Every structure is written in C-alpha cells, then in structure tokens.
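Subject: Handing over a structure

Hi,

Here is the structure I promised to pass on. Have a look at it first, and then read on for what turned up.

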Amino acid sequence: MTSYTSWAYVPTSTQKAIKPAWMDFDLGATTGSLLPYGNGRSYGDSCLNSSGLVIDSKSLNRFISFDTEQGILRCEAGTMFADILQFIVPTGWFLPVTPGTKYVTLGGAIANDVHGKNHHHDGTIGRHIRCFELLRSDGKSLICSPKENTDFFAATIGGLGLTGFISWAEIQLIKIPSPFMSVETTVFHGLEEFQTLSEQANTNHRYSVAWLDCASSGKDFARGLFMVGDHANSDKEEKERVLEPKISVPFNLPKQMINKYSVKAFNTLYFNKNRLNEGKIIYQHYDSFFYPLDGIGNWNRIYGSQGFYQYQFVVPSSQLSVMEQALNKIVASGLGSFLAVLKEFGDLPSPGMLSFPSPGLCLALDFANRGETTLALLQQLDQLVINAGGKVYPAKDVRMPQAAFQSYYPNYEEFEAYIDPRFISDFWRRVSEKKS
Ligand SMILES: Cc1cc2nc3c(=O)[nH]c(=O)nc-3n(C[C@H](O)[C@H](O)[C@H](O)COP(=O)(O)OP(=O)(O)OC[C@H]3O[C@@H](n4cnc5c(N)ncnc54)[C@H](O)[C@@H]3O)c2cc1C
C-alpha cells in the first residue's frame, strides 16, 4: 500500500496501485476499478480512486522519438514536463503550453487539457497533441488523433482519466530563440483596468497573467500586478540561475500562521516589492517565469495538516460585474489567499469534450481549510458562477456538487459514452450517478 494524495491534502487516499514498467501492459489482467495517476498535482479528488486501484504511471517515462527539425516529440505518458524541458530546451524547442508547475506528467496534462499563461495565443495543450495511444480495460488499444478515432480523442483530452490509460503521446513543440523570457509588469487598480490591459497585451504578447490582491478593500480593492512575457531573442542580457527548490516547507505549519492578517501583510509586501519593476523589461530564466512556486519545495504545507481548497472558475468576459461580486465576497470573508491568479482566456476552442477553458475571465485562488466557513463561501461562489454561465475547474476541485457539475459541463452525457466501464475516480463518484 502506498499513500496517494492530491496536491491540496484535503483528501488523502491510502490505496492499492499497479505500477506498470512497460507501456504494453495488459489492463485486462487486472480486477476492480481503475484510475490513471500521474504525479498527483491535481488539487482535489479527480486523481484519486479510494475504493479501487490507481495505475501509477511514473515508471513510464521514456522518450520514444524526437524530430529535432519539426519539433515533434513522442514519449511515454508518465514523462514529467521537467524532464521534457531538460531534454528539449537545449535544442531550441519548448512546450507549447505549460501549467504553473513543471512537475506534471504528459498523461496528466492531457487528461485535464491544461492551460497556461498563453491561452489567448495558443489555447490548451490538447490543441498541440498530434496523437496518443489509449489502453482500455478490455485489453484493446486505440490510436487517437484529430483524424483517427476522433471521438475518443475529444473525450480523452480533458477526460479526467476516465476513458482509459494513455500509454504514450506525441506533441508538437514550439521553437524558442533562448531559454530566457522578457517580462514586463504593470500595476492596475480595479478589474476594468485589468481588462483593458489584458485586451492590449493579448494582441502583442504570447504570455500574460495577473496577480490579484484578494485581501484589500477600499481604494486598494482589486489592485494587482499585470505581467506580460515573451521568449527573449537573446540570452546575452542579465540572467537568473535555474531555479531549483531551495526553500522547502519541512512540515505542515500550524493553522494559526495563515490568517487574514498574515495574508493581508503578505499581499501588501508582494505588491509593493513587485511594483518597483513597473515599466522595466526584466530578463528571466523560463523556470522563474513559468514555475515560481516550484522554487519553494512543498509550499502546499503552509496551510497546515488540514489542507486547503483551491477554487478556479471562468465566467464570460461580459460578466465583469460577477467577477467583482465574487471578489467582494472573498475580501469580505477574510478567507482569501496569498496567491490569486487572474487571466483572460482567449477564444481558441478547446478540443476536449469536458475541457475547462472557455473564453472569459478566469480566477484561481487558495482557501485554507476552515471547515464549514470555507465551504459556505465556496457554495456562494458556485451560485455566482452558475448564474453567469461559467464553470469551475475539476482539476482543482474536491467538493463540486453534482448539480453544479452538470450545469458547468452540459455535454457530460455525451462524454459518458466514452468512459471505460472499469474506470472511475472519487471526483466522478461525486458528480455522476455512478457510485461503484
Ligand atoms: C502549483 C500548481 C500550478 C498549477 N497550474 C496550473 C495551470 O496553470 N493550468 C492548469 O491547467 N493546471 C494547473 N495545475 C493543475 C495541474 O496542471 C493538473 O492538475 C495536471 O493534470 C496534474 O498532472 P499530474 O501528472 O500530476 O496528474 P494527476 O494529478 O496525477 O492526474 C490528473 C488527471 O490525469 C489523469 N491521468 C494521469 N495520467 C494519465 C494517463 N497516463 N492516462 C490517462 N489519464 C491520466 C488522472 O486520472 C487524473 O484524472 C497546477 C497545479 C499545481 C500544483
């Protein structure tokens, strides 16, 4: 028995796992319910199967082929983004889309159809997947691509690991001139200012994202830092060292350390420190631009042993007032977190049936687990999101009620036809009719 957890530590599941060493293993030889497990960087219970087996994919981490002319990489699905980057960056290629941590597997990234700071420019990762192999529990395997088994291709991208096990995948990379990024920061006050900056930046820059202060009210309400970035043309400028975990949180901190006073103080400090960079173009290594949190080992422990909730939602851009109402509720509750990330998604369609990203304003933030108080706030946020025609991200969720899921993802019934009969997650037990 090994302990398999999700990133937010709210559910912990000690359960059995199978650990295939080669990608042609036979799922038909197993019994009981199954769920693929990547690196557990999902925050909630979509990567857990507490009453069955998880298929631990970490040993399936071999590179299969790399066309250095065309930037086409094929590797096993358990290969970590960190390893892919180490391999491809020296050859002048980069991942077309990356989330805010490089410690995710390729299979896990496909199953959540992850997005990054370049959503407005490149859409989700599924748009860059050329093909993959899907193993089903009846022992069959399917090659899926935009031309072959297209229905399974669409169901598996963003399919939460429920359609079968991806054994390998082929991805189209993007060309980069150097490992460095040019980055510029602008201060904003209010969501309208954010939206104006976002509209301008999204036509001129490949990457954009904002940090939003979710603790301040009055004149500082909805203040933030808007960052744009591009792959830098030269690596001659001042550079940072590769950021490897240097600081580490060795154990769970006592819950008293995270409270509305410490959060407010941190946010003010962060805002004032970073606003000093306003108007300057900074050259940063890609590691510190894309993965600032990876520089702090085990940062998820700062919330203590009771864990935390992450809440990420998107509402159409026309619903700015809903985002404002949500923010008002968060500020008034005093439960908001250190790190709130605001991004305007573009309109490039996501290829997955259940993909989360859709055009609009997307906010992601952590809430320390204060039991019923936190849950009551999240329920109020759900109501705002439902009424605005938005959705909540399953990769970050551990509590979404069934009715809310069905409202966010109205095509779930179409998706159900592609679920492997033996595959299920704790998330799916909660949001669907299927309980075993
Ligand atoms: C610090 C941090 C920042 C993040 N930033 C972002 C972000 O910017 N954008 C974003 O979209 N997400 C973000 N995430 C979430 C993360 O990218 C996703 O949850 C990702 O899917 C985790 O990948 P994993 O390999 O750890 O997979 P797991 O969390 O282990 O599993 C994720 C899902 O993939 C399925 N799965 C795993 N392997 C396979 C396989 N071989 N075949 C089929 N299904 C499989 C699992 O069943 C599960 O449903 C962030 C997470 C963290 C911790």
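**What was found**

Strand β12 (residues 180-189) is joined to β16 by 5 bridges, and the two run antiparallel. Within this pair, Val183 stands opposite Ile282 in β16. Two strands count as paired if DSSP finds at least two bridges between them.

Before going further, please note that this is a predicted model: local features need pLDDT of at least 70, side-chain atom pairs count only at pLDDT 80 or more, and totals for chains, interfaces and linings use all residues. Residues are numbered from 1 along each chain as its sequence is written.

β12 and β16 belong to an open sheet of 8 strands, in the order β16-β12-β14-β13-β19-β20-β18-β21, with antiparallel pairing. At its edges are β16 (281-285) and β21 (391-392), each of which pairs on one side only.

Now to the whole protein chain. Its secondary structure comes to 12 helices and 21 strands. For 436 residues, a compact globule would have a radius of gyration near 22 Å, and the chain agrees with 21 Å (taken over C-alpha atoms; the globule rule is 2.2 Å times the number of residues to the power 0.38). Buried residues make up 47% of the 436; buried means that 20 or more other C-beta atoms, placed from the backbone, lie within 10 Å of the residue's own.

An α-helix has 3.6 residues a turn, so residues three or four places apart point the same way. Just after α8, Gly334 takes a positive phi of about 70 degrees.

Finally, the ligand. What surrounds it? There are 33 residues around the ligand, and the closest are Gly38, Pro99, Gly107, Gly108 and Gly161 (a residue is near a molecule if its C-beta atom, placed from the backbone, lies within 6 Å of it). β3 (34-37), α2 (106-111) and β10 (165-172) each supply at least two residues of this shell, and α2 gives the most, with 4 residues.

Terms used. A residue is buried if 20 or more other C-beta atoms lie within 10 Å of its own, exposed if 12 or fewer, and partly exposed in between; C-beta atoms are placed from the backbone.
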